[in-house]
Each structure stands twice: as structure tokens, then as C-alpha cells.
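Colleague: Could you walk me through this one? I would like to follow it step by step.

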Amino acid sequence: MLRICSLLVLVAWSAWAAPVDWIWSARYVITMNAQRRVIENGAVAIRGERIVAAGARSEIDRDYQAKQRLDRPEAIIAPGFINTHGHAPMVLLRGIADDLRLQEWLEKYIFPAEARNVTPDFVRWGTRLACLEMLLGGTTTFTDMYYFEDAIAETARECGMRGVLGETIIGFPSPDAKTPADALRFTEKFLARFHGDPLIVPAVAPHAIFTNSDETLRACRTLANRYSAPLLIHLSETRTENDDSLKKRKMTPTAALNALGVLTGWTVAAHGVWLTDADMQILKTRDTGLAHNPSSNMKLASGIAPVVKILSLGIAMGLGTDGVAGSNNDHDMMEEIDLAAKLQKVATGDPQALPAPQAFAMATILGARALHMDKLIGSLEKDKRADILTVSLSSAHAVPMYNVYSQLAYALKGSDVTDVMVNGRPIVRDRRMLTLDARPIMAKAAEYQERIKKSLR
Ligand SMILES: [Zn+2]
């Protein structure tokens, strides 16, 4: 009798519980929704590419019936990290030369190494390595400006990773474009090819104001607006860039871009280290998103971006790793969270500056806002894309835990990330990438290291 009753209950429940593809549960679910809800013993239900619900595990288990599930009682579930600025394939030049002045580093190492080695094959294997590293560290979206960007987009798709990607447009010959006009033609084809892709947001990426003519910059904006695409650009990274602009144009780089009309539309600018108050007002009015790159700014001695001020004005600023060739030597977003929070304390002399929850927001929902993609990603909420990670709480440096945000910002590491899902598809499980075999990627990285070393002799 008891058996019949339980069977009836089960039948009634399965008829009532809504079917979903996945339920992920953990000790804590960090939603990053508007109320910044943290759910103890929480779960997330996923159907197709979307989140159906995030809530208490008991409620999710009652309301949904999953085809598959992942239960991590000693872990945190959080939105996947959003890297708002980088140059993925440069990872093959990781640590090629460090602790040098920017000009020497560029002229002696980076430019010759790139001129002799950057081919579609280099870009493909470099992106595979970068995606492997980023995904294992919990990054689900990356922003990129490099060369042969079509190979980067194909590789991101192959890995199942989300990308905001743009071919670098620069005023001197690059590995795949003799002139900026060539790069613009490449970009237009790229925009047409990847328009509407579920994972790739194709972008227009002029390198910076000081490496492009006004005419090219204006053409970039026109092209981006024609395709409703974002424009990615470096902005006010160094003091020299600002000083030169003031000398040449009697305006800061931000004011000059604004005067040229380049900020009229969807824009994501990297760095913003030397922004003036007037610059910040322009960026706020134009709704320009910003990418803060603490590792890069520290390592190249570029300065400290006024992050606290920028965020207090309501400008969206996310975090980025920048290129992993020397301006940063890894793609670890958890390290950027930690450094961003501490750097603002150093800069302001105030230990309350950029507290842990806000620094964590920069890597998730604020990063999504900076990319103008917060309707799709950045938090765990109904109807958003299922870009999710789990972070283990089992290691020695994870206990005890009094505050979940402080643990995430200051104690846990990228290597604690255990599982990753992008667009509803599991990509990392138990710290192993499911979409690509890591072994040939590691072997190719070693092969390229030898080849690049020889090319510099
Ligand atoms: Zn950069």
C-alpha cells in the first residue's frame, strides 16, 4: 500500500514538476541580481540555453524535474566571469619578456615576435590555450581585440565560449592587414558573418586614438552603428597618451573621441587610467562601458584608474586581464577581483574603498553592463543565459568562511573553479574541459615556445 502511495505521489509530482535539462545545486548560490540575493542551500534550474529559476534547493527540487543534475554541497554557484578586455592569442608569448619599459618591451620583443609568428595557426592555438585557461578559471565571456579575429571566433565557438570579438584596426601594417582600410573590409565581412550568432558578438576594434587617423576612427563608428555592433578601443591607458593628446589636439583622448563622434553608440573602452572628471561626465552621458585591468596597469606602471569615482557616477566598469604576454601573465579573473579591490584601497588610503561585493560585481554583472549585455548575462536570474560556475569550498584556504563575498574576493583562487556552463552547455566538469582535449593544446604551446625563441635570435 505504502509503495502504491509513493508511486502515486511520484506520478503526481512528475506530472506537475516542470521539466528542465539541468539542476545545479550548491551550499550557496550568488545570484548578483538587483537585490544581490545570496541563497544558502540554493539551486539553479536550466532549460536549453536559459536559466528557468534560481532559488532554495527545496523549492527548485519541488518545482522542476531535471534530466541531469550536479550537486555540489561544498561549493558556491555564481555567474560566470566576464573578461571585458584582452588579446587572447598573445598567451603564446606569456612571459616572453617582463619588467621592461613599454617601448623596449614592444620594440625588442612583442613587435618582432608578432611580425615573425602571428599566423592563423598561431591565433587558433593561442586562442585554444587562452580559452582552456579562461574556462578552467570560470570565465564564460571574453572580450578580444587581435588579428585573424575570424579564427578566434571559430575557436571560441569550438570551445563553447561566449566572446565579444573585434579585429584590431591600426594605422600601420598588421599580420593580416596592410592598411586600416583592409582591416575595415575584414571587419565588415566579420560583422556580417557572425551577426546574430548565439555565442559571438562581432565588434569593431580600432586600437586607440593615437594609432589611428581621425578618418579611420570615424569610419569605425559608422560601420559599428550600421551593424548595431560594439566598438572596442583602448582609452587613456598611459599618461603619455593623455599628454600627447593634450599637446596635439588640446583635448584629452576622451574629449577628442567624443568630438569625433566615436563615442556615439555602443562602446567599450579599456583602461581609463587617466580620465579627468570632465572625461567621466562624457563617458556617463555616452553610456560608454569601461574595462579596468588592474594587473596590466600595475605591471606596466600605467597608473591607477579612478574606479571608485567611476562607479559612484554610475558608469559601468568591468574587469579585464588585458593581453597575457607581459602586461599580465595569466587570465585569472579572481586575481583581478582581488587586485582591483586592494589597488583602490592603496590609491584612496581608504580600506573601505571598492569592498569585496562590489569588486565581485565588476567581474560579473557590472562587466555585463560595461559590455551592454546585462539583459543576457552577468547574474543568475530567470531568462538569462545559463553562464554559470561552481567554486569549491573544500581546500584549506577556503575555510572557515564568515562571508561569502570576502572569501570570493580575497581567499579563493581561479583554480578552485570546478565546473563551468556556458549558454546551458556544460563546458568544464571536475576541472576538466569537456569541449577540447587539453593535451594537444599544451603540446602546441611548447612547440610555439621553441619556434618563437628561435625567431628572436
Ligand atoms: Zn589591451
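This is a predicted model: local features need pLDDT of at least 70, side-chain atom pairs count only at pLDDT 80 or more; totals for chains, interfaces and linings use all residues.

Colleague: Okay, which residues coordinate the zinc ion?

Modeller: The zinc ion is held by the NE2 atoms of His85, His87 and His234 together with OD of Asp322, at 2.1 to 2.4 Å. In sequence, these donor residues follow the spacing H-x1-H-x146-H-x87-D.

Colleague: What do His87 and His234 tie together?

Modeller: His87 sits in the loop between strand 5 (81-83) and helix 3 (102-117), while His234 belongs to strand 9 (residues 231-235), so the pair links parts that are 147 residues apart in sequence.

Colleague: And are those two buried or exposed?

Modeller: Both His87 and His234 are buried.

Colleague: What about the angles among the four donor atoms?

Modeller: They run from 87 to 171°, and the site is irregular. That label follows because four donors count as tetrahedral only if all angles lie between 85 and 135 degrees.

Colleague: Switching topic, which residues touch the most other members of the largest nonpolar core?

Modeller: That core has 114 residues, and the ones touching the most other members are Ile30, Ile76, Phe122, Leu135, Phe142 and Phe360. Helix 4 (residues 120-136) contributes the most to this core, with nine residues. A separate second core has 14 residues, including Trp24, Val29, Ile51 and Leu70.

Methods
Residues are numbered from 1 along each chain as its sequence is written. Side-chain values use heavy atoms; hydrogens and water are left out. A nonpolar core is a set of buried Ala, Val, Leu, Ile, Met, Phe, Trp, Tyr and Cys residues joined through side-chain atoms within 4.5 Å. Buried means under 20% relative accessible area, exposed over 50%, partly exposed in between (1.4 Å probe, protein chains only). Helices (H or I, at least four residues) and strands (E, at least two) are DSSP runs, numbered from the N terminus. Donors are N, O and S atoms within 2.8 Å of the metal (3.2 Å for Na, K and Ca); water is not among the atoms, so sites may look incomplete. Four donors count as tetrahedral if all angles lie between 85 and 135 degrees; four count as square planar and six as octahedral if opposite donors are over 155 degrees apart and all others between 65 and 115; anything else is irregular.
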